[in-house]
Each structure stands twice: as structure tokens, then as C-alpha cells.
Amino acid sequence: MSSVSDHDDRDLEAELESTGAGKVGIPVDAICVGCGRSRVKRANLEEIRQNPQIDPTTLDATELTSFKHVCHPFGSATWWNPAAILTELLESTS
Ligand SMILES: [Zn+2]
């Protein structure tokens with residue numbers, strides 16, 4: 001279990017609530033392969049090759065596959081590598 005949210009000045013909750021984060025899936029901190037930025041995204045469990053019935057708090061970010069998501073400055077869909085599962089945001093949004 002890893003969490004990076006206490007160690008930087010990003011507002012992860014605000015990022016999750018922004019339209020760019022997406023509407024369905026679990027909150028993950030992900031890195032855009034196009035521009036290298038880290039953003040909070042919602043990752044659909046099926047998209048990251050996980051059982052949709054699984055308890056997301058038991059997942060490890062290293063087990064997740066890259067997923068496609070829009071990068072807004074980029075303006076099109078690109079690949080994102082999950083860096084951490086934001087379980088604290090998972091609880092606050094369910
Ligand atoms: Zn990008």
C-alpha cells in the first residue's frame with residue numbers, strides 16, 4: 001500500500017473532482033506517458049485488468065496496467081501509468 005498524497009503540495013481531491021479525471025473507476029495517481037505529468041485519474045477496473053468485483057483497497061499499484069485517458073493539454077487520449085491507488089479518496093467519494 002503506498003500513498004504519495006501527504007508528501008507534495010498537489011490537491012488530489014480537487015484533481016479528482018475536475019472533469020479531466022473522468023467519471024467512473026477508482027482514483028489513481030497516474031503519470032502521462034505523453035508529457036510526464038502526474039494527475040489524479042479515475043481508472044476503470046476492467047481497463048487496468050482487474051476484476052471489477054475486487055476490493056480496490058487490496059490492489060497494489062504495481063499490478064495495474066497502463067490505461068488510456070485524455071490528457072487535456074495534449075488534447076487527445078494517451079496512455080497513463082498508474083503510480084499509486086488513492087485509497088483515501090476512494091473512501092471519501094463512495
Ligand atoms: Zn500528458
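**Close-up views of a predicted model**

**View 1. Burial and surface of the protein.** Of the protein's 94 residues, 37% count as buried, a term that stands for under 20% relative accessible area, with exposed meaning over 50% and partly exposed lying in between (1.4 Å probe, protein chains only). Residues are numbered from 1 along each chain as its sequence is written, and side-chain values use heavy atoms, with hydrogens and water left out.

**View 2. Order of the elements.** The protein contains 2 helices and 4 strands, which follow one another from the N terminus as α-β-β-β-β-α; helices (H or I, at least four residues) and strands (E, at least two) are DSSP runs, numbered from the N terminus.

View 3. The 4 strands are arranged in the order 2-1-4-3 with antiparallel pairing, where two strands pair if DSSP finds at least two bridges between them. Strand 2 (38–43) and strand 3 (67–71) are the edge strands, each pairing on one side only.

**View 4. Strands 3 and 4.** Strand 3 is joined by 5 bridges to strand 4 (residues 76–85), and the two run antiparallel. Within strand 4, W79 is the bridge partner of K68.

Key
Predicted model: local features only at pLDDT ≥ 70, side-chain atom pairs only at ≥ 80, totals over all residues.
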